[in-house]
Amino acid sequence: MPVYFLVTEAGVPSISEGILWAILGIPVFAFLIIFGLRQRIPELTSGYISIGAIAATLVLSIVVLFNVIGADGGIAIHTHNWLSIGDFDFNLGVRVDGLTAIMLIVVTSVATLVQIYSQGYMHGDPGYRRYYAYMSLFATSMLGLVLADNLLMLFVFWELVGLSSYLLIGFWFHKPSAAAAAKKAFIVTRIGDLGLLAALLLIGTRASTFQIDAIHELVLAGTLAGTTLTLFGLGIFAGAVGKSAQFPLHVWLPDAMEGPTPVSALIHAATMVAAGVYLVARFFPIFEASPDAREVVAWVGAITVAIGALIALVQTDLKRVLAYSTISQLGYMMLALGVFGYGAAVFHLFTHAFFKALLFLGSGSVNHATNTFDMGKMGGLRHTMPITFITFLIGSLSLAGIFPLAGFFSKDEILAEAWIENRTLYGIAAIAAFLTALYMFRAIFLTFFGEYKGGEVVPEEDKNIHFDGIPSVPHESSRVMTIPLLILTIGAIGAGWLAFGRTFHEFVEAALPEPPHHVVPFSYGIAISSSVIALSGIATAWVIYQKKLIPASEIYKTAFPFARLFEHKFGFDWLYEKIFVTRVFQQSWNRLIEQFDTRVVDAVVNASGTIVLVFAQGVRVVQNGQVQLYGVVLGVGLIAIVIIVFIANPL
Amino acid sequence: MELTALVFLPAAAAVLILLLPQRYAKISKWIALAAAIAALVLSVVLFFSFEHGAGYQFVERYSWIQIAGFDIQYALGVDGLSLPLVVLTTFLTVAAVLVSFRINLRERAYFASLLVLATSVLGVFTALDFLMFFLFWELELFPMFLLITIWGSGRRDYSATKFVLYTLAGSAFMLVGILTLASSAGTFDLEILASSVFGSTMIPLSVVFAFLFVGFAVKLPIVPLHTWLPDAHSDAPTAVSVMLAGVLLKMGGYGIIRTCITILPDQAKDFDIVFATIGALSVLYGAFVTFRQTDVKRLIAYSSVSHMGLVLLGLSGLGVTGLAGATYQMLAHGLITGMLFVVIGLMYDRTHTREISQLGGLARQMPLLATGLVFAGFASVGLPSLAGFIAEITIFLGAFQAFEWAVILAIFGAVLSAGYILWTLQRVVFGPPKSEWDSLTDQNQWWEHVPVLGLAALIVLLGVYPAIITDMLNPTLEFVVARLSI
């Protein structure tokens, strides 16, 4: 009897399997059509095909959601054999449960809005078709990742998501910075993927299965335990660290902002970067059973929360503020998972997707009007871009955790979970909550308040940067861009209300094979204190950046060493790229091996050739053309061979 | 008769081409193409009419030479291991002929050599007699030597000589091994040898195993017997690089499975740790050296050293999974590296440089070729849904059961390959377009489109529908492994 029946009285979702595969398959067709036909379809049509496909998957995802709700959050698994080699079965299968249903909704709804918005943002780009082809490729990969019922298939789509991310970060590949950022993103996340691969090999060889439900059962039965369990958990987590930009592999995400802004909103804020959180949540029973692995998750999450928030404080680029904010928020989700807060983590993933996508699209709208992301060149935009301003403000309030917006509920829960489990972690999370409000409102005041500073002139050589109009006269973006902003605002406001009555939590917790370890009740103490923290962060930003009672430059001078440290991103890029990759790896180690290869290995080969040549010069004396001598040598040799053969094989 | 026709069809076409009068030299490429396509069609027919099972099929046996109590046979046959490699060979031959359509120096000799090369490789994969196997193995050297010295570039004489001498040195060891086994069992028949128990032999069996292994390992190649490969690749014409990386290296891996492991299973069990060590070493060492390369072809050559190390790592598992992974890697690497060389070759035809520092920004002027390079690059990195991933994951799983440490070392190759491939893409196709390439055309001839698209299609096919190969492979390998477990 499957274990999950012990938990809830949930039924099995009756959704037909075909619908699930259709969700995966529709965007593939969109990709193949757009990519295959290329110039043969009109530019705008490529966008419509892609948007139509993703909207269709959104509709199907809603059907799935209601079906799973109807089954009280039950689990349905459909598996097929893909290939069998030796002892291993590789399966292709789909799994649908509360967690899957929520992820499907997040991915398809944000993707649909972002793709609609992109029609405005990418308008006139020579790579318009390519953009929509890649967007469809991404949708397929992400949906496959979420639907996969086994670790191997999950890994397949996990890597494909990495490919689409690479292609979209490097979308403007003629820019050296974009090409470098794309490469960096793929390689850094692949370092984490080594852990995931190792976990895959470990579970495959030790347990002979990749099925998620089978692995869960092995954990509950105690068969999968001890060091193997911890190593497996850490391997899974390593993959999550790469994809979800956790310390120490967070360095790729800020650079990924080289991609078009809607890409940043969809992939590098709402969905792909949350895949790591999803992965750990999917294998949550492993982390429940392994305190060591859980401890690592919690601390890596907490460090990431702090690093992200601190660096976000000193960024001058609006999009980079949001990027570091994303790193920090993903850290919150990991932290939650590390303190048993499965429901809280998934809930924060859910609400964050809406308000962070909103903020990124808002920054894109600002970029469209000013042709820059540099906040030093913005200011006063609340008058010229009222819709962008209002929606951005609501998104920021939600992110800061102001009641009754979405972010309040989810962040509050994480703080409550941390409070129960570990006060140090709570402290870090609470301080970072203050910083979150501070950096977001610093950005708001710099961007939307004060005097407009003129934007940036369009450089002649770079025609691909999206801009319509004149930077000195900013204007509100077109409706195709503002309507998605408004819709996302609804999510940023209301997504948190699903917390009432633990509706959301019970739904996603039904995906676990066992009820959660502890249910943290709503606490007024935590709620009020976190609201005070958030409000004081906003107030501090107001004092410094709006009222300018304390000049920012003074603070900078006072906290100089720290400010420099934050500005240099704690030196990670310097350490990784300048020291490790360039000096240690390429210029020392690889050079050493290469020199060994040419000066030792190949030199020996050439030397042996030379020796033979020299020897041959000597032997040439014998080869004098006298047939008699040849005959003698031939005869002696033949006799020698016969003797040897007879000695070796006596008759 | 099917296999005889298949193996000698290219050689017959070669003879026909050589008999052409000079004024008809222009049609030699068409004859070569027709022969290559005919061989491909025939091999595909065989592939689909093969009944999944352990033994050899389409077997032909004729007594050939009777001497000193030995019955040396003319014997051909294919099983689940060799048949996919045969199809790979015929497929890449077509690709090699097509990418040679620009050749206008001594066309008749060129295409004849290319076809003889195909015959020799097909012979190696289908021979059921060890001596015949060896003859085909040696036959390959003649066309290769000519192709590199006459149509090559750079230090072509040095590279060709190095290639030939290296292979011959390995073959000398191999021949001693072959003769020892044959004299002990009284036959050269690979099928009988595979079920023979060897008594006392002149040379200890473990030494015989090592000798055979060295002969094959040179071809694979393994570190430290690999330095001929980058030289041969960088100086060879495109089509030869395609054949060399695509199928010639695979003769090494095939030989190890077909002879070393199948005929001497007990010795294989002693040598598995050698496989694992050299395999992991080759993966990492090859990758490190790849990072330092400045010539695109040398870069791909060194990456081949790294990727072929995986073949050996897979063999170290000595189970169905590991052997299947190793075989799959041979197929995947043949297609992927073949495609890399095709695309690089087509770029070289236009830019006349392979120096990475001189290239750059080609994605603007040559979007199709750039797409091809990015595709093949990601295939080489082992992207899931493409052929290389299936091979890698299977190899890792198979070897992990036996040598966890070797696999843990080798998986770093996955990051290293991402590093050097993506760095190469960044420097060759991305970045600001360079004005000196503005006048160049993109991939625009049908004989350029066909090999690129064909290879890409097969790489995808093997990535998403691996059962087409593994279902054929499994029974054969189960037979091999059954002998290992006695």
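The lining of the second largest pocket comprises 28 residues, and Ile187(A), Tyr576(A), Phe580(A), Val581(A) and Phe585(A) lie nearest its centre. The model is predicted: local features need pLDDT of at least 70, side-chain atom pairs count only at pLDDT 80 or more, and totals for chains, interfaces and linings use all residues. Residues are numbered from 1 along each chain as its sequence is written, chains are lettered from A and ligands numbered from 1 in the order in which they are written, and side-chain values use heavy atoms, with hydrogens and water left out.

Grid points are joined across faces, edges and corners, and a volume is the space filled by probe spheres set on the points.

The second largest pocket holds about 1100 Å³ of space. Helix 6 and helix 25 (572-619) of chain A each supply at least two residues of its lining, as do helix 12 (265-290) and helix 19 (412-428) of chain B. Helices (H or I, at least four residues) and strands (E, at least two) are DSSP runs, numbered from the N terminus. By class, the lining of this pocket has 21 nonpolar, 3 polar and 4 charged residues. Ala, Val, Leu, Ile, Met, Phe, Trp, Tyr, Cys and Pro count as nonpolar, Asp, Glu, Lys and Arg as charged, and the others, Gly among them, as polar.

The whole structure contains 10 cavities of 30 Å³ or more. The largest cavity has about 110 Å³ of space. Its lining has 13 residues; Phe155(A), Arg190(A), Leu197(A), Glu392(B) and Ala414(B) lie nearest the centre. Helix 5 (151-169) and helix 6 (176-207) of chain A and helix 17 (387-400) of chain B each supply at least two lining residues. The lining of the largest cavity divides into 8 nonpolar, 1 polar and 4 charged residues.

Chain A has 26 helices and 2 strands. Its C-alpha atoms fill a box of roughly 110 × 65 × 55 Å along the principal axes. Of its 651 residues, 59% are buried (under 20% relative accessible area, 1.4 Å probe, protein chains only). Phe409(A) lies in helix 18 (residues 406-421) of chain A. Phe409(A) counts as buried because its relative accessible area is 7%. Leaving out residues up to four places away in sequence, Phe409(A) touches Phe347(A), Phe403(A), Pro404(A), Gly496(A), Trp497(A), Ala499(A) and Phe500(A); contact means heavy atoms within 4.5 Å.

In chain B, Asp79(B) lies in the loop between strand 2 (70-78) and helix 3 (82-99). Asp79(B) is buried, because its relative accessibility is 3%. Its contacts, not counting residues up to four places away in sequence, include Phe50(B), Tyr56(B), Arg258(B) and Thr476(B).

Helix 4 (residues 107-126) and helix 6 (residues 141-151) of chain B have axes that come within 9 Å and cross at roughly 145 degrees. Axes are lines fitted to C-alpha atoms, for helices over the stretch in contact, and angles run from 0 to 180 degrees between N-to-C directions. The contact between helix 4 and helix 6 of chain B has 10 nonpolar, 1 polar and no charged residues.

How values were computed: 1 Å grid on protein atoms, 1.4 Å probe; cavity = no way out; pocket = protein on both sides within 12 Å on 5 of 7 lines; lining within 4 Å. Buried < 20%, exposed > 50% of the residue type's maximum accessible area, 1.4 Å probe, protein only.
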